[in-house]
Amino acid sequence: MAKKNQTLGEFIIENQASFKYTSGELSRLINSIRLAAKVVNHEVNKAGLVDIIGAAGETNVQGEDQQKLDVYANEKFIQTLTKRNIVCGIASEEEDDFIEVNSQDENHQNKYVVLIDPLDGSSNIDVNVSVGTIFSIYRRVTPVGTPVTIEDFLQKGNEQVAAGYVVYGTSTMIVYTTGDGVNGFTLNPAIGTFYLSHPNMQFPEDGKIYSVNEGNYIHFPLGVKKYIKYCQEEEGDRPYTSRYIGSLVSDFHRNMIKGGIYMYPKSSKNSNGKLRLLYECNPMAFLAEQANGKASDGFGRIMDLKPTELHQRVPFFCGSKNMVEKAEEFMKEFSE
Ligand code: P6P
């Protein structure tokens, strides 16, 4: 049972036995993410002071300008995960293809693959708005002893064994699940220790916050337009409040605490939306469902989708259960 002010390290050890697979490997994996989070946090917190912000002059596989901090965060998480000799493969938003980790696993005995968005919301870095890291962990499905393959990464979200995020905000937090609820840990930067500050996080079933980039309104499907107008009309506990930070992790985190819905729908500009299924939507969906929330592509459960490509995008509706279900009603009623 989670006890407030427990350290992340104590929590991992205490809950290790409840995890159906572990011989400690997953614990070591979460610990490596904890270490990388502290290292990246240190750089994020001083991004304004050194010449580390601003585009690195290259673009990533998504065609987006790569900020130097994107590159740094990507390198740190990959290095830390590789060094611990626990994973057999890593996929990252910043890498065109998956990385086979066999530098220390030449016999391919490691059982886990990790998918990461090393610094989500990076366009906010040089305007001092919070950003985040998102991670998703699976057990490999191809035989141990053979090289990892793309099939190990293209698993449905409901096969995840763990998922979480780091939010580099007014404080730095790690929020994660191993399938037994969601717990949040806040970093005490003075001593570099994460403490359990938000045990058993739960989405309120209802909320009064909707998060969507309304600048895309004219490009949205009719069902999304109708739902946004529903949020804005004078009726009962509406109009709702519009809050959109432009960082999925931050909008999700606020909505999980206060109640709300985050939407990144498809549009005439983005036929499958913008967010990536494997390292953004699936991990956030796992967290949402573990916190009594819901995650949908507007018509069905995100974690039931069978991935076909590493960087594929899907429409994303996530948050308080009743709000997501209401949005789904509009999507179904006005589907084109
Ligand atoms: P837009 C950041 O790039 C991100 O992936 C999410 O974190 C964020 O919610 C969204 O894209 C913002 O996209 O098109 O509204 O600027």
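This is a predicted model: local features need pLDDT of at least 70, side-chain atom pairs count only at pLDDT 80 or more; totals for chains, interfaces and linings use all residues.
Residues are numbered from 1 along each chain as its sequence is written, and side-chain values use heavy atoms, leaving out hydrogens and water.

**Exercise 1.** Work out how the rings of Tyr 165 and Phe 252 pair.

- Start with the rule: rings of Phe, Tyr and Trp (its six-membered ring) pair if their centres lie within 6.5 Å; planes under 30 degrees apart are stacked, over 60 edge-to-face, the rest tilted.
- Now the numbers: the centres of Tyr 165 and Phe 252 are 5.8 Å apart and the planes are at 80°, so it's an edge-to-face pair.
- The structure holds twelve aromatic pairs.

**Exercise 2.** Decide whether Tyr 165 is buried or exposed, and do likewise for Phe 252.

- Grab the cut-offs: buried is under 20% relative accessible area, exposed is over 50%, and partly exposed is in between (1.4 Å probe, protein chains only).
- Tyr 165 comes out at 0%, so it counts as buried.
- Phe 252 has 2%, so it's buried too.

**Exercise 3.** Find which charged end sits over the ring of Tyr 230.

- The test is NZ of Lys or CZ of Arg within 6 Å of the ring centre and within 35 degrees of the ring normal.
- Arg 238 is your answer: its charged end is 3.8 Å from the centre of the Tyr 230 ring.
- Tyr 230 also belongs to an aromatic cluster with Tyr 227, Phe 330 and Phe 334.
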